[in-house]
Amino acid sequence: MLQQEYLILIVEDDFIIARDIGKILTAEGYKCILNIATYKEAVDAIENASPNLVLIDIMLRKTHDGLRIGSYLYKRGGIPYVYLTSLQDKNTRLEIKQTFPHGYIVKPFKPIDVITNVALALNNFRHLKTDTHRITAPAIEDDTPFIIRKVLAYINENINEKIQLEDLLVLTRWKKHNFIKMFTQYTNETPYQYILQCKLKKCMALMETTDLSAADIAFDMGFNSYSSFNKLFKKNTGVSVEDYKKQIRLSKYGPR
(Lines give C-alpha, C1' and ligand atoms only; values in the text may rest on other atoms or scores of the structure.)
Protein backbone atom coordinates (compact mmCIF):
# COMPACT_ATOMS: atom_id res chain seq x y z
CA MET A 1 0.00 0.00 0.00
CA LEU A 2 0.97 3.66 -0.13
CA GLN A 3 3.76 4.95 2.06
CA GLN A 4 1.94 8.26 2.45
CA GLU A 5 -1.61 9.37 1.92
CA TYR A 6 -2.51 11.18 -1.29
CA LEU A 7 -5.65 13.17 -2.07
CA ILE A 8 -7.04 12.68 -5.59
CA LEU A 9 -9.61 15.07 -7.08
CA ILE A 10 -11.87 13.34 -9.65
CA VAL A 11 -13.50 15.74 -12.11
CA GLU A 12 -16.14 13.64 -13.90
CA ASP A 13 -19.75 14.52 -14.76
CA ASP A 14 -20.79 10.86 -14.99
CA PHE A 15 -21.11 10.16 -11.29
CA ILE A 16 -21.26 6.38 -11.78
CA ILE A 17 -17.85 6.49 -13.47
CA ALA A 18 -16.56 8.89 -10.80
CA ARG A 19 -17.79 6.54 -8.06
CA ASP A 20 -16.13 3.53 -9.74
CA ILE A 21 -12.82 5.38 -10.04
CA GLY A 22 -13.14 6.44 -6.42
CA LYS A 23 -13.61 2.82 -5.35
CA ILE A 24 -10.56 1.72 -7.36
CA LEU A 25 -8.34 4.40 -5.84
CA THR A 26 -9.72 4.12 -2.30
CA ALA A 27 -8.87 0.40 -2.37
CA GLU A 28 -5.28 1.43 -3.16
CA GLY A 29 -5.10 3.72 -0.12
CA TYR A 30 -5.85 7.07 -1.73
CA LYS A 31 -8.38 9.61 -0.49
CA CYS A 32 -10.74 10.93 -3.17
CA ILE A 33 -12.96 13.95 -3.74
CA LEU A 34 -15.97 13.19 -5.96
CA ASN A 35 -19.06 15.01 -7.28
CA ILE A 36 -17.05 17.64 -9.17
CA ALA A 37 -18.48 18.20 -12.65
CA THR A 38 -17.79 21.78 -13.80
CA TYR A 39 -14.86 24.10 -14.36
CA LYS A 40 -15.84 26.34 -11.42
CA GLU A 41 -16.35 23.42 -9.03
CA ALA A 42 -12.98 22.00 -10.05
CA VAL A 43 -11.10 25.28 -9.55
CA ASP A 44 -12.76 25.83 -6.16
CA ALA A 45 -11.87 22.29 -5.06
CA ILE A 46 -8.27 22.66 -6.27
CA GLU A 47 -7.78 25.92 -4.39
CA ASN A 48 -9.57 24.80 -1.22
CA ALA A 49 -8.45 21.17 -0.92
CA SER A 50 -4.98 21.29 -2.57
CA PRO A 51 -5.15 17.75 -4.02
CA ASN A 52 -1.99 15.83 -4.85
CA LEU A 53 -3.36 14.90 -8.28
CA VAL A 54 -6.40 15.73 -10.44
CA LEU A 55 -8.15 13.25 -12.76
CA ILE A 56 -10.06 15.21 -15.41
CA ASP A 57 -12.71 14.03 -17.86
CA ILE A 58 -12.19 16.10 -21.01
CA MET A 59 -15.89 16.28 -21.91
CA LEU A 60 -17.85 17.88 -19.08
CA ARG A 61 -21.54 18.41 -19.81
CA LYS A 62 -20.90 18.25 -23.57
CA THR A 63 -18.14 20.88 -23.51
CA HIS A 64 -14.35 20.65 -23.51
CA ASP A 65 -14.17 22.26 -20.06
CA GLY A 66 -11.84 19.46 -18.97
CA LEU A 67 -9.18 20.97 -21.23
CA ARG A 68 -9.85 24.38 -19.63
CA ILE A 69 -9.13 22.80 -16.25
CA GLY A 70 -5.96 21.24 -17.61
CA SER A 71 -4.86 24.61 -19.00
CA TYR A 72 -5.60 26.22 -15.64
CA LEU A 73 -3.52 23.60 -13.82
CA TYR A 74 -0.70 23.93 -16.35
CA LYS A 75 -0.53 27.71 -15.79
CA ARG A 76 -0.94 27.33 -12.04
CA GLY A 77 1.74 24.67 -11.64
CA GLY A 78 2.37 22.50 -8.59
CA ILE A 79 -0.28 19.80 -9.14
CA PRO A 80 -0.05 16.90 -11.64
CA TYR A 81 -3.14 16.04 -13.70
CA VAL A 82 -4.28 13.11 -15.83
CA TYR A 83 -7.03 13.21 -18.46
CA LEU A 84 -9.90 10.74 -18.84
CA THR A 85 -11.56 10.55 -22.25
CA SER A 86 -13.23 8.39 -24.86
CA LEU A 87 -12.14 10.86 -27.56
CA GLN A 88 -9.17 9.73 -29.64
CA ASP A 89 -9.41 11.94 -32.74
CA LYS A 90 -6.40 13.88 -33.99
CA ASN A 91 -7.71 17.32 -32.96
CA THR A 92 -8.40 16.18 -29.40
CA ARG A 93 -4.95 14.62 -29.12
CA LEU A 94 -3.41 17.88 -30.32
CA GLU A 95 -5.40 19.92 -27.77
CA ILE A 96 -4.35 17.52 -25.03
CA LYS A 97 -0.66 17.87 -25.89
CA GLN A 98 -0.92 21.66 -25.67
CA THR A 99 -1.81 21.45 -21.97
CA PHE A 100 1.06 19.07 -21.09
CA PRO A 101 -0.83 16.52 -18.92
CA HIS A 102 0.99 13.96 -16.79
CA GLY A 103 -1.07 11.09 -18.20
CA TYR A 104 -3.98 10.09 -20.44
CA ILE A 105 -6.49 7.32 -19.72
CA VAL A 106 -8.77 6.17 -22.55
CA LYS A 107 -12.33 5.05 -21.78
CA PRO A 108 -13.41 2.33 -21.35
CA PHE A 109 -10.58 1.58 -18.94
CA LYS A 110 -9.62 -1.25 -16.63
CA PRO A 111 -8.83 -0.71 -12.93
CA ILE A 112 -5.15 -1.33 -13.64
CA ASP A 113 -5.15 1.56 -16.15
CA VAL A 114 -6.28 3.95 -13.43
CA ILE A 115 -3.96 2.50 -10.77
CA THR A 116 -0.80 2.58 -12.88
CA ASN A 117 -1.44 5.99 -14.47
CA VAL A 118 -2.08 7.61 -11.09
CA ALA A 119 0.93 5.93 -9.46
CA LEU A 120 3.27 6.84 -12.33
CA ALA A 121 2.02 10.44 -12.53
CA LEU A 122 2.60 10.94 -8.81
CA ASN A 123 5.98 9.24 -8.98
CA ASN A 124 7.13 11.28 -11.99
CA PHE A 125 5.97 14.54 -10.46
CA ARG A 126 7.59 13.78 -7.12
CA HIS A 127 10.93 12.96 -8.71
CA LEU A 128 11.13 15.96 -11.03
CA LYS A 129 13.32 18.46 -9.22
CA THR A 130 12.02 21.45 -11.17
CA ASP A 131 8.40 22.48 -11.53
CA THR A 132 8.20 23.91 -15.06
CA HIS A 133 6.44 26.99 -13.65
CA ARG A 134 9.02 27.71 -10.99
CA ILE A 135 12.13 28.04 -13.16
CA THR A 136 14.32 30.97 -12.18
CA ALA A 137 14.34 33.95 -14.52
CA PRO A 138 17.70 33.29 -16.26
CA ALA A 139 16.50 29.82 -17.27
CA ILE A 140 13.06 30.79 -18.52
CA GLU A 141 14.01 29.89 -22.10
CA ASP A 142 15.20 26.44 -21.02
CA ASP A 143 12.82 23.77 -22.29
CA THR A 144 14.59 20.91 -20.52
CA PRO A 145 11.67 20.12 -18.14
CA PHE A 146 9.32 19.84 -21.10
CA ILE A 147 11.68 17.50 -22.96
CA ILE A 148 12.07 15.32 -19.87
CA ARG A 149 8.30 15.26 -19.40
CA LYS A 150 7.91 14.14 -23.04
CA VAL A 151 10.41 11.33 -22.42
CA LEU A 152 8.60 10.27 -19.23
CA ALA A 153 5.28 10.24 -21.08
CA TYR A 154 6.79 8.00 -23.77
CA ILE A 155 8.13 5.61 -21.12
CA ASN A 156 4.74 5.45 -19.38
CA GLU A 157 2.87 4.83 -22.63
CA ASN A 158 5.26 2.08 -23.72
CA ILE A 159 6.17 0.52 -20.39
CA ASN A 160 5.04 -2.93 -21.57
CA GLU A 161 7.55 -2.81 -24.41
CA LYS A 162 11.31 -3.16 -24.42
CA ILE A 163 12.47 0.46 -24.36
CA GLN A 164 15.92 1.19 -25.75
CA LEU A 165 17.97 4.29 -24.96
CA GLU A 166 17.89 5.14 -28.67
CA ASP A 167 14.06 5.28 -28.52
CA LEU A 168 14.36 8.05 -25.93
CA LEU A 169 17.20 9.96 -27.57
CA VAL A 170 15.11 10.74 -30.68
CA LEU A 171 12.67 12.64 -28.42
CA THR A 172 15.41 15.04 -27.33
CA ARG A 173 18.04 17.31 -28.85
CA TRP A 174 20.87 15.73 -26.84
CA LYS A 175 23.63 13.24 -27.43
CA LYS A 176 23.65 10.05 -25.35
CA HIS A 177 25.93 11.29 -22.54
CA ASN A 178 24.11 14.63 -22.13
CA PHE A 179 20.71 12.94 -22.20
CA ILE A 180 21.64 10.55 -19.38
CA LYS A 181 23.07 13.47 -17.40
CA MET A 182 19.97 15.66 -17.85
CA PHE A 183 17.53 12.80 -17.19
CA THR A 184 19.38 11.83 -14.00
CA GLN A 185 19.49 15.45 -12.84
CA TYR A 186 15.72 15.84 -13.13
CA THR A 187 14.58 12.43 -11.88
CA ASN A 188 17.40 11.34 -9.54
CA GLU A 189 17.59 8.10 -11.56
CA THR A 190 19.28 7.03 -14.79
CA PRO A 191 16.94 6.18 -17.69
CA TYR A 192 17.61 2.47 -17.10
CA GLN A 193 16.85 2.74 -13.38
CA TYR A 194 13.70 4.76 -14.00
CA ILE A 195 12.34 2.32 -16.61
CA LEU A 196 13.12 -0.62 -14.36
CA GLN A 197 11.32 0.97 -11.42
CA CYS A 198 8.27 1.71 -13.58
CA LYS A 199 8.20 -1.87 -14.85
CA LEU A 200 8.51 -3.27 -11.34
CA LYS A 201 5.73 -1.03 -10.05
CA LYS A 202 3.43 -2.14 -12.84
CA CYS A 203 4.33 -5.79 -12.17
CA MET A 204 3.46 -5.27 -8.50
CA ALA A 205 0.14 -3.65 -9.44
CA LEU A 206 -0.67 -6.53 -11.81
CA MET A 207 0.12 -9.08 -9.12
CA GLU A 208 -2.23 -7.24 -6.76
CA THR A 209 -5.12 -6.78 -9.18
CA THR A 210 -5.06 -9.75 -11.59
CA ASP A 211 -4.84 -13.54 -11.48
CA LEU A 212 -1.94 -13.66 -13.93
CA SER A 213 1.03 -15.71 -12.82
CA ALA A 214 4.21 -13.86 -11.92
CA ALA A 215 5.97 -15.63 -14.81
CA ASP A 216 3.35 -14.41 -17.31
CA ILE A 217 3.58 -10.87 -15.92
CA ALA A 218 7.38 -10.90 -16.19
CA PHE A 219 7.16 -12.14 -19.78
CA ASP A 220 4.54 -9.55 -20.74
CA MET A 221 6.67 -6.76 -19.24
CA GLY A 222 9.68 -7.74 -21.34
CA PHE A 223 11.94 -9.47 -18.81
CA ASN A 224 14.25 -12.07 -20.34
CA SER A 225 13.43 -14.79 -17.83
CA TYR A 226 11.51 -15.37 -14.63
CA SER A 227 14.72 -15.96 -12.67
CA SER A 228 16.21 -12.62 -13.78
CA PHE A 229 12.89 -10.91 -12.95
CA ASN A 230 12.81 -12.51 -9.49
CA LYS A 231 16.41 -11.49 -8.85
CA LEU A 232 15.78 -7.86 -9.83
CA PHE A 233 12.51 -7.82 -7.91
CA LYS A 234 14.19 -8.97 -4.70
CA LYS A 235 17.10 -6.57 -5.17
CA ASN A 236 14.75 -3.59 -5.55
CA THR A 237 11.96 -4.49 -3.10
CA GLY A 238 13.80 -6.55 -0.49
CA VAL A 239 11.48 -9.55 -0.91
CA SER A 240 11.19 -12.34 -3.46
CA VAL A 241 8.26 -12.50 -5.89
CA GLU A 242 6.77 -15.46 -4.00
CA ASP A 243 7.06 -13.68 -0.65
CA TYR A 244 5.40 -10.61 -2.15
CA LYS A 245 2.54 -12.74 -3.48
CA LYS A 246 2.16 -14.25 0.01
CA GLN A 247 1.90 -10.73 1.46
CA ILE A 248 -0.84 -9.93 -1.08
CA ARG A 249 -2.80 -13.09 -0.20
CA LEU A 250 -2.42 -12.33 3.51
CA SER A 251 -3.67 -8.75 3.10
CA LYS A 252 -6.65 -9.93 1.01
CA TYR A 253 -7.72 -13.07 2.84
CA GLY A 254 -5.97 -12.93 6.21
CA PRO A 255 -4.05 -15.82 7.80
CA ARG A 256 -5.28 -19.32 6.96
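Here are legends for a handful of close-ups of this predicted model. Local features need pLDDT of at least 70 and side-chain atom pairs count only at pLDDT 80 or more, while totals for chains, interfaces and linings use all residues. Residues are numbered from 1 along each chain as its sequence is written, and side-chain values use heavy atoms, with hydrogens and water left out.

**View 1. Trp174 and Phe179, a stacked pair.** Searching the whole structure turns up 11 aromatic pairs (rings of Phe, Tyr and Trp, the last by its six-membered ring, with centres within 6.5 Å; planes under 30 degrees apart are stacked, over 60 edge-to-face, the rest tilted). Here the ring centres sit 6.4 Å apart with planes at 25°, so this pair counts as stacked. Trp174 is buried at 14% relative accessible area, and Phe179 is buried too, at 0% (buried is under 20% relative accessible area, exposed over 50%, partly exposed in between, using a 1.4 Å probe and protein chains only).

View 2. Phe183 belongs to helix α8 (residues 176–187) and Tyr194 to helix α9 (residues 191–209), so the pair ties together parts 11 residues apart in sequence (helices, H or I with at least four residues, and strands, E with at least two, are DSSP runs numbered from the N terminus). Both Phe183 and Tyr194 are buried.

**View 3. Arg68 over the ring of Tyr39.** Arg68 lies over the ring face, 3.7 Å from its centre (the test wants NZ of Lys or CZ of Arg within 6 Å of the ring centre and within 35 degrees of the ring normal).

**View 4. Strand β1 and its partners β2 and β3.** In β1 (residues 7–11), 4 of the 5 residues are buried. This strand pairs in the parallel sense with β2 (residues 31–36) over 4 bridges, and with β3 (residues 53–57), also parallel, over 4 bridges (pairing takes at least two DSSP bridges between two strands). Leu9 stands opposite Ile33 in β2, and Val11 opposite Ile56 in β3.

**View 5. Inside the largest nonpolar core.** This core has 54 residues; Ile8, Leu25, Leu55, Val118, Ile155, Met207 and Phe229 touch the most other members (a core is a set of buried Ala, Val, Leu, Ile, Met, Phe, Trp, Tyr and Cys residues joined through side-chain atoms within 4.5 Å). Helix α9 supplies its largest share, 9 residues. Apart from this core lies another, of 20 residues, including Val43 and Tyr81.
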